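Here's a quick briefing to read alongside the model. Have the sequence and the 3D view open as you go.

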Amino acid sequence: MFDALGYQIQRKRPVSWGSDAFVDQRRLLEDPPVRVVMDVGANLGDTVQQYRAAFPGATIYAFEPFPAVCRQLVERFADDARIRVHESAVTDTAGTRRFY
């Protein structure tokens, strides 16, 4: 009956390890406070937003290689001086490559 109305019923449980990666990271990294977060492949910044909420005092470095996507990322976080956007990819070797 609830499914037909668009509802899903679940038992409420306390948040446990493994159910939310950001909650797990906050628990593991709470002392000393996180000061730097690297988001490699930041895309439009949804993960950046979650890291900002999880670690409000951290500087977040967001790397996004695609120019049009990077511009949107820059615009989205223009008001947050501790989010630093870089239009580049991250790899284990220096150089220029074609990116698909």
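Three strands make up an open sheet, running in the order β1-β2-β3 with parallel pairing. Keep in mind that this is a predicted model. The rest is grouped by topic below.

**The sheet**
- β1 (36-40) and β3 (83-86) are the edge strands, each pairing on one side only.
- On average, neighbouring strands of this sheet are turned by 15° against each other, direction ignored.
- β2, residues 59-63, pairs with β3 in the parallel sense over four bridges.
- If you want a spot to look at, Tyr61 stands opposite Arg84 in β3.

**A helix on the sheet**
- Helix α2 (residues 46-54) packs on the sheet and touches β1, β2 and β3.
- The direction of α2 makes about 170° with that of β2.

**Aromatic pairs**
- The count of aromatic pairs comes to two.
- One to check out is Phe22 with Tyr51: the ring centres are 5.0 Å apart and the planes sit at 70°, over the 60 degrees cut-off, so this pair is edge-to-face.
- That pair links distant parts of the chain, with Phe22 in helix α1 (residues 21-28) and Tyr51 in helix α2, 29 residues apart.

**The largest pocket**
- The largest pocket holds about 260 Å³ of space.
- Its lining includes Pro65, Phe66 and Pro67, along with Ser88, Ala89, Thr91 and Thr93.
- Gly95, Thr96, Arg97, Arg98 and Phe99 also line the largest pocket.
- Sorted by class, the lining of the largest pocket has five nonpolar, five polar and two charged residues.

Terms used
Residues numbered from 1 in each chain as written. Predicted model: local features only at pLDDT ≥ 70, side-chain atom pairs only at ≥ 80, totals over all residues. Heavy atoms only, no water. Pairing = 2+ DSSP bridges. Helix = DSSP H or I, 4+ residues; strand = E, 2+ residues; numbered from the N terminus. Axes fitted to C-alpha atoms, helices over the stretch in contact; angles between N-to-C directions. Contact = heavy atoms within 4.5 Å. 1 Å grid on protein atoms, 1.4 Å probe; cavity = no way out; pocket = protein on both sides within 12 Å on 5 of 7 lines; lining within 4 Å. Points joined across faces, edges and corners; volume = space filled by probe spheres on them. Nonpolar A, V, L, I, M, F, W, Y, C, P; charged D, E, K, R; others polar. Phe/Tyr/Trp six-rings, centres within 6.5 Å; stacked < 30°, edge-to-face > 60°.
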